[in-house]
Structure formats: structure tokens, C-alpha cells
Amino acid sequence: MPITDVADLRRHLQWAITVEHATIPPYQCAMLSVCDQESESFLTFKYVVREEMLHMALAANVLAAVGGEPRFAGPDVMPRYPGPMPHHDPDPPLVLHLERASVDLVRDVFLRIEQPELRGSRPQTDRYDTLGQFYDAVSGGIERLGDGVFTGDPGRQITKGYEGHGGGTLFAVSDAASALRAVEEVVEQGEGSGQAALEPYGFEGAMEPAHYWRFRRIVDGEIPIDEVYPMRRDPRTQDLPGGSLRDLSALFDAAYGLQLRVMERVWVEGDASPLIDDAMVPLMNHVQKPVAMALLRTPIPDGSGDHAGPPFAWAPMPLAEMRVSAAGLAEHFDLGPTVETLDQVAQLFPD
């Protein structure tokens, strides 16, 4: 069914946020599992991760522009792993897992996520075959409803915090034209236009290849995946034996949830929010990443040879408790600036 009213458009834009969000943890796990962070395979995953974050932010700007409130946190809007790609209905089904990088993973999962839309494919508002068809339906709704539905507070638009994220730009959305441009950027950077199956750059004037073609280079052997940490597939905090490693996994989940809650506040406060530079970005770079790397470097003490990994689960923890936990764990693991960053965030985002 086509999108014909603003409530339905808001619902589909929230779905777009959820869809983009669902791709980030699988891509991020693959990226962080690559031991050499200067390797071409690591940098390929990194580029895609950053652009998926940008796509989620662009979808949030469009939703805010039509009077919606972007949501990132909570079990009702967050992806679960293993689990299906949200609102996707391919044959066979596409199930997303959190696992170490491999050619098989890129070929069997990541290329299917970024599968280009074939020319002439019809828009699909739900149970879509390709992301391009889903976004065609969203674009159709924006065109159908026009500028009159763009009633959101311009002060809630975000243009900061995503500098250097791939080849795109996070910009404010204020009308149908800028919303359509945001959707176009998401599609072209991801699977590309309908030409992406034939041409690496997918659309005229592109400076960087679409994600589909970045992943094809790994599958085709142009970019090798070297040594990876032996992360256990679909790591879960509750599966770990009691002790410091389990506490470390719980800290990651808490930090992940905290970042998502901070993001919800950011899209209320807009570019003026001090949380962008002093909480949202530092939580990602100076808490989540060092905790994830400590997990990936640590064998699970069960004789399996598997290492732990970031679970990306919704398991919130009071910030004061996170700070105490991080301080204690820093005596056993290299957590970089995690403790100091949590102290900084606590000054701006009290529970």
C-alpha cells in the first residue's frame, strides 16, 4: 500500500531508522574482528559502518522534519541478534548474526543486505525484497504529501557529529526536496542505483563506490581478510561464566544502550546540544570501542578457543553503576579512556 498520510510516513521513517540500525552491529563486529586495523579489509568495513551511521542520522532528520520523534533505544525499536532484517521478506529469509569477518559472511549476508534494486522493480512499503524498493516507497510518500507535512521544529535537526563518516554529508531537512535528497544519498551510498549491479559507482557523478561494490571486492578476492579474532558467533553476556569477562560484556551493553539514549536526547535538543561532542561521539569512540576490543582479545574460559565479543543487547545500567564497574574492570583490561569518558558524560546526562 502506498504511503498516503503523515502518520504512515512517520511510521515508515522510524522503520528506516530501525533498518539502518540493524546493519550497524553486524558490520561493526566484522570490522572490529579484523586484527590489523590498518588493513584494507578493516578500512572497507569501517567506511561502510560510518556511512550506515550517517544513513540512520539522515533518516532521523527526515522524521524530525515531518514532526516525528526519532527513537533509537529500547527493545521495541532495537534489532536483536540473531534475527531477521527488519521488515524484509526475501526468499530465502535473511537472518542477521554477529560474527567475525569472513568471505562467507560478506557473500551470504552483507551482499544480500546491499543487493541492488533491479530496474522496473515496484516500490514496497513493507516486506520488501531490496532496500531500494523500500526507499522508493518512502520517496513516493514524500512526493505525494509534499512540503505541507514538513512541520517539525528546525531546531531539532542535526548536522554535527558525523563529520568524516564516509563520503556523505549530514544535512538539515526542511522540505520535500531536501528529504528526497537525503533518501537518495542513503540509497546511492548503500546498494547504489539500479545500475549498481553493472557499474561499481552505481550512479552518475559518484566519487566512491556503493557498499555493494565495496563488499564485492572482498568476495572477488581483491581485498583479502587477514587474521581475525576468533569471536564467538552471536555473543551474549548471560552465556559467559560469572566474573570479570561477564562484567565487561555487561558494561558494553550498558554503554551501547547509553549511547542510544543520548542520541534520542540529541534529536530533541538539535545541533545546540552539548551532548553531541561531549557524550554521543565520545561514548562511541572512547567507551564502546575499547570495551569491544577488550572483549575480542579475551578467550572465553571454557576451553572452546572462542573469544568474547560485543553483544549489542538492550541491557541498561545506571550510569553511576557503569562508572564503578568500569573503574574496577580497568584493573584487569585495557579500557583506554573509558572511565574518564563516563565521568565526563555523567556531568551532562545524569540518570
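How far is the sulfur of C29 from the closest cysteine sulfur? Here are some friendly notes, beginning with the cysteines.

1. **Basis of the model.** This is a predicted model, in which local features need pLDDT of at least 70, side-chain atom pairs count only at pLDDT 80 or more, and totals for chains, interfaces and linings use all residues. Residues are numbered from 1 along each chain as its sequence is written, and side-chain values use heavy atoms, with hydrogens and water left out.

2. **Cysteines.** The sulfur of C29 is 14 Å from the closest cysteine sulfur, which belongs to C35, and that is too far for a bond. A disulfide here is a pair of cysteine sulfur atoms within 2.5 Å, and the structure holds zero of them. C29 is buried at 1% relative accessibility, whereas C35 is partly exposed at 26%. For these words, buried means under 20% relative accessible area, exposed means over 50%, and partly exposed lies in between (1.4 Å probe, protein chains only).

3. **Salt bridges.** You will find 16 salt bridges in the model, each defined as a side-chain nitrogen of Lys or Arg within 4 Å of a carboxyl oxygen of Asp or Glu. One of them pairs R11 with D8, with the closest N and O atoms 2.5 Å apart. Both residues sit in helix α1 (residues 6-33), three residues apart, or about one turn of the helix. Helices (H or I, at least four residues) and strands (E, at least two) are DSSP runs, numbered from the N terminus. R11 is partly exposed, at 41% relative accessible area, while D8 is buried at 11%.

4. **Further charged pairs.** R71 meets D76 in a salt bridge, the closest N and O atoms being 2.6 Å apart. R71 is partly exposed, with a relative accessible area of 31%, and D76 is exposed at 55%. Another bridge joins D239 and R236 at 3.0 Å, N to O. D239 is partly exposed at 44% relative accessibility, and R236 is partly exposed at 42%. Salt bridges that share partners also link E40, R217 and E222 into one network.

5. **A negative patch.** Which residues form the negative surface patch? They are D36, E38, D226 and E227. Patches are made of residues with over 30% relative accessible area and no salt bridge, with like charges joined within 9 Å and nonpolar side chains (Val, Leu, Ile, Met, Phe, Trp, Tyr) within 5 Å. Lys and Arg count as positive and Asp and Glu as negative, while His and the chain ends are not counted. The place of a charge is NZ of Lys, CZ of Arg, CG of Asp or CD of Glu. Accessible areas come from the Shrake-Rupley method with a 1.4 Å probe, and for residues only the protein chains shown count as cover. E227 lies in the loop between α6 (211-219) and α7 (244-269) and is exposed at 60% relative accessibility.

6. **Backbone points to look at.** Most residues other than glycine have a negative phi, and most peptide bonds are trans. The peptide bond from Y81 to P82 is cis, with omega near -5°, and P82 lies in the loop between α2 (40-65) and β1 (83-84). H87 has a positive phi of about 60° although it is not a glycine; H87 is placed in the loop between β1 and β2 (95-96) and is buried at 19%. F312, also not a glycine, has a positive phi of about 55°. F312 is in the loop between α8 (275-296) and α9, and is buried at 3% relative accessibility.
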